[in-house]
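User: I should like to learn how to read a structural model feature by feature. Please give the general idea at each step and then the case at hand.

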Amino acid sequence: MEDLKILTARFFDKLGNAGEENNNDMLCFRNSVAEFLSSGKKDDAFTVFFCYSEIFRLFGKGYDNIRKLIEMLSDHEFHSGELLSKHRDHYSHSVYVFSLGLAVYAFDGAYRKTFNDFYGLKEDDYYNFLYLWGLTALFHDIGYPFQLAHEQLKNYLEELWIEK
């Protein structure tokens with residue numbers, strides 16, 4: 001993952017001082033992404049979620065406001081790994097997707113222009129890309145425990161009431 005780590009670091013270099021009112025939080029965020037890309041550990045992925053939530057104050061309050069969802073996903077990850085043979089770590093997966101998007105935005109000018117034009121962003125608006133892409137990539141699997149529970153209940157009920 002060293003290449004992705006380097007490319008992601010360059011994204012943050014290009015971000016510069018955007019969001020400097022959260023300068024310490026942004027530095028912590030940058031470091032947490034780098035640490036995750038070095039280790040690939042779920043605990044380091046969690047730190048990326050935490051820092052992102054604190055910087056962008058999701059739903060007005062930051063991490064405290066989404067804590068229940070994140071902790072539910074964490075609890076699900078812990079228990080499902082033991083029960084499901086095809087289970088993947090959604091924390092790590094989401095942070096890898098997030099990091100890949102940062103690298104693409106930083107180094108693909110055509111993609112960056114298309115994205116900015118579509119969302120009405122200024123040229124090279126790294127900060128707003130970070131916000132929008134973070135919401136998309138980091139939280140795209142946040143409802144997975146609910147989806148899995150729904151599918152399991154649906155399968156159980158179909159087996160229970162299907163005439164044979």
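User: In which helix does Ser92 lie, and is Ser92 buried or exposed?

Analyst: This is a predicted model, and all values that follow are computed from it. Ser92 belongs to helix α5. Its relative accessible area is 8%, below the 20% cut-off, so Ser92 counts as buried.

User: Which residues is Ser92 in contact with, leaving aside its neighbours within four places in sequence?

Analyst: Ser92 is in contact with Phe36, Gly40, Lys41, Lys42 and Ala45. Among these, Phe36 is one of the buried residues of α2, and Gly40 follows α2 with a positive phi near 70°.

User: Where is Leu100 placed, and how is its accessibility to be read?

Analyst: Leu100 is also found in helix α5. With a relative accessible area of 49%, Leu100 is classed as partly exposed. Sequence and space can be compared here as well: Leu100 and Lys5 are 95 residues apart in sequence, while their C-alpha atoms are 9.4 Å apart.

User: How many helices and strands does the chain have?

Analyst: The chain has eight helices and zero strands. Of its 164 residues, 39% are buried. Among contacts with a separation of 6 or more, 63% join residues 24 or more positions apart.

User: How does one check the length of a helix, taking α2 as the example?

Analyst: One compares the expected span with the distance between the end C-alpha atoms. For α2, 17 residues at 1.5 Å a residue should span 24 Å, and the end C-alpha atoms are 24 Å apart, so the two values agree.

User: Which residues of α2 are buried, and where do they lie around the axis?

Analyst: An α-helix has 3.6 residues a turn, so residues three or four places apart point the same way. In α2 the buried residues are Met26, Phe29, Ser32, Val33, Phe36 and Leu37. They cover an arc of only 130° around the axis, and therefore lie on the same side of α2.

User: Which residues of α6 are buried, and which exposed residues does the face turned away from them carry?

Analyst: Arg112, Phe115 and Asn116 are the buried residues of α6. Their arc is only 95° around the axis, so they share the same side of α6. The face turned away from this buried side carries the exposed residues Ala110, Lys113, Thr114 and Phe118.

User: What follows α6, and where does Asp124 lie?

Analyst: Asp124 lies in the loop between α6 and α7. Although Asp124 is not a glycine, its phi is positive, about 55°. Its relative accessibility of 36% makes Asp124 partly exposed.

User: How many residues does the largest nonpolar core have, and which have the most contacts inside it?

Analyst: In soluble globular proteins, nonpolar side chains tend to be buried together. The largest nonpolar core here has 34 residues, and those with the most contacts inside it are Phe11, Phe12, Phe29, Phe98 and Leu130. Helices α1, α2, α3, α5 and α7 each supply at least two residues of this core. To take one of its members, Leu130 is in contact with Phe11, Phe12, Leu15, Met26, Phe29, Tyr52, Phe56, Phe98 and Leu102, leaving aside its neighbours within four places in sequence.

User: How many aromatic pairs does the structure hold?

Analyst: A pair of aromatic rings is described by the distance of the centres and the angle of the planes. The structure holds 21 aromatic pairs. One of them joins Phe11 and Phe129, which form a tilted pair at 6.1 Å centre to centre with 55° between the planes. This pair links distant parts of the chain, as Phe11 in α1 and Phe129 in α7 are 118 residues apart. Both Phe11 and Phe129 are buried.

User: How is the pair of Phe29 and Tyr52 to be read?

Analyst: Phe29 and Tyr52 form a tilted pair, 6.2 Å centre to centre and 55° between the planes. Because Phe29 lies in α2 and Tyr52 in α3, the pair ties together parts that are 23 residues apart in sequence. Phe29 and Tyr52 are both buried.

User: Which ring does the charged end of Lys14 sit over, and over the face of which residue does Arg112 lie?

Analyst: Here one reads the distance from the charged group to the ring centre. The charged end of Lys14 sits over the ring of Phe107, 4.5 Å from its centre. Arg112 lies over the face of Tyr105, at 5.8 Å from the ring centre.

How values were computed. Residues are numbered from 1 along each chain as its sequence is written. This is a predicted model: local features need pLDDT of at least 70, side-chain atom pairs count only at pLDDT 80 or more; totals for chains, interfaces and linings use all residues. Side-chain values use heavy atoms; hydrogens and water are left out. Rings of Phe, Tyr and Trp (its six-membered ring) pair if their centres lie within 6.5 Å; planes under 30 degrees apart count as stacked, over 60 as edge-to-face and the rest as tilted. Helices (H or I, at least four residues) and strands (E, at least two) are DSSP runs, numbered from the N terminus. Buried means under 20% relative accessible area, exposed over 50%, partly exposed in between (1.4 Å probe, protein chains only). A charge sits over a ring if NZ of Lys or CZ of Arg is within 6 Å of the ring centre and within 35 degrees of the ring normal. The expected span of a helix is 1.5 Å times one less than its number of residues. The arc is that of the directions from the helix axis to the C-beta atoms. A nonpolar core is a set of buried Ala, Val, Leu, Ile, Met, Phe, Trp, Tyr and Cys residues joined through side-chain atoms within 4.5 Å. Contact means heavy atoms within 4.5 Å.
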